[in-house]
Structures are given as C-alpha cells and as structure tokens.
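I opened my notebook to get to know a new structure. Here it is, so that you can follow along.

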Amino acid sequence: MPDSPAQQGNADSQTKASDRHFVCRRCGACCRWPGIIRLTAEDVRQISQFLHLTEEVFLDTMTELSPERTGLILKDDQSSPCRFLGDGNLCLIQDVKPRQCRDFPEKWDVPQEFRRLCQGEWIEEARHA
Ligand code: SF4
Ligand code: SF4
C-alpha cells in the first residue's frame, strides 16, 4: 500500500455527494504499489495485540521512522511489497490493518494510472424517500 501515488485527504467529494460506497475485490494491487505505510498509535496498539507481540517488540522489529522523521511507518522486510501481504493477495492482518489501508480508496485521491489497476468498484445505493 503506497503513501504515494495516492495522497490521503481530498477525495471526500467521492462519498459526500452521493450514496456510493466502494467494494474492494481484494486483488492486492494497491498493496503492491510503491510507497510507505504510515502507522497511527492506534494501529500500533491493535496490530501488536493481533500479532501477540508487545508494542515494544512490534515497534522494534516491524516499524521505522518515516523519511521526514515525523511518524512511524511499517518497515519493509524486502521479501514482498508489504510484509503483511499473504498468499492469494490476502492481508494477514486484515482485521486490524492500518488506517491508511482501511481508508483506501475512499479518502484518497487516486491518480488515474493507478485507478485502472484497482479491481474494486463503486456501488450506487438506491436512495430511500
Ligand atoms: S497491511 Fe494489509 S492492506 Fe495494508 S498494504 Fe499491507 S497487505 Fe495491504
Ligand atoms: S480492489 Fe482496489 S482497493 Fe481492493 S485490493 Fe485491489 S487495488 Fe486495493
């Protein structure tokens, strides 16, 4: 999952003006895009708990400072695009995946070239009077 090419924060217009919602097909394409995965304090708490690790061990072994040194990111383990991308494109920490991943693509402004790779779809909900 990239930090870029998609930047968070300015795609809310996709959801505010309609009753559309996104259905992910779990193709794993976004997990393979180059970039970094930022972690919130809540991400750290939930993921370490899910992995049965202390937060200290999780922080020491699986995280590092972001390039601009303002926060934590998931450390690249060099073995796959994301250390938590498992067989069949399944996220091994699906239930507690980072906020950045959970917000994709609804809260992202995804460039067209990457949008084409995504196999998910926006579903239009019928409005009830
Ligand atoms: S944490 Fe899970 S959803 Fe996020 S990039 Fe990695 S495999 Fe994909
Ligand atoms: S369908 Fe889109 S959001 Fe879901 S895993 Fe594939 S690229 Fe990511």
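My entries follow, one topic at a time.

**Ground rules.** I noted that this is a predicted model, in which local features need pLDDT of at least 70 and side-chain atom pairs count only at pLDDT 80 or more, while totals for chains, interfaces and linings use all residues. Residues are numbered from 1 along each chain as its sequence is written, and chains are lettered from A and ligands numbered from 1 in the order in which they are written.

**Confidence.** I looked up pLDDT, the predictor's confidence in each residue, from 0 to 100. The protein chain has a mean of 84, and 84% of its residues reach 70 or more. Helices (H or I, at least four residues) and strands (E, at least two) are DSSP runs, numbered from the N terminus. Confidence is highest in helix α3 (residues 41-50), at 98, and lowest in strand β1 (residues 7-8), at a mean of 34. I also saw that pLDDT is below 50 over residues 4-15, a stretch with 28 contacts beyond near neighbours in sequence. A contact here has C-beta atoms, placed from the backbone, within 7 Å.

**The sheet.** I found 3 strands in an open sheet, ordered β3-β5-β4, with antiparallel pairing. Its edge strands, β3 (38-39) and β4 (63-65), each pair on one side only. Pairing takes at least two DSSP bridges between two strands. Between β4 and β5 (residues 72-74) I noted 3 bridges, and Thr63 has Leu74 in β5 as its bridge partner.

**Two helices.** I checked α3 against α4 (residues 55-62): their axes come within 9 Å and cross at roughly 100 degrees. Axes are lines fitted to C-alpha atoms over the stretch in contact, with angles from 0 to 180 degrees between N-to-C directions. The two helices are therefore roughly perpendicular, a label for 65 to 115 degrees. Val44, Arg45, Ile47 and Ser48 of α3 meet Glu55, Phe58 and Leu59 of α4.

**Around ligand 2.** Which residues are around ligand 2? I listed Cys24, Arg25, Arg26, Cys27, Gly28, Ala29, Cys30, Phe104, Pro105, Cys118, Gln119 and Gly120. Near means a C-beta atom, placed from the backbone, within 6 Å.

**Backbone details.** Arg26, in the loop between β2 (20-23) and α2 (29-32), has a positive phi near 55 degrees, though it is not glycine. Pro105 sits in the loop between α5 (99-102) and β6 (108-109), and a cis peptide bond joins Phe104 to Pro105, with omega about -5 degrees.

Note on methods:
Contact = placed C-beta atoms within 7 Å. Parallel < 35°, antiparallel > 145°, perpendicular 65-115°, else oblique.
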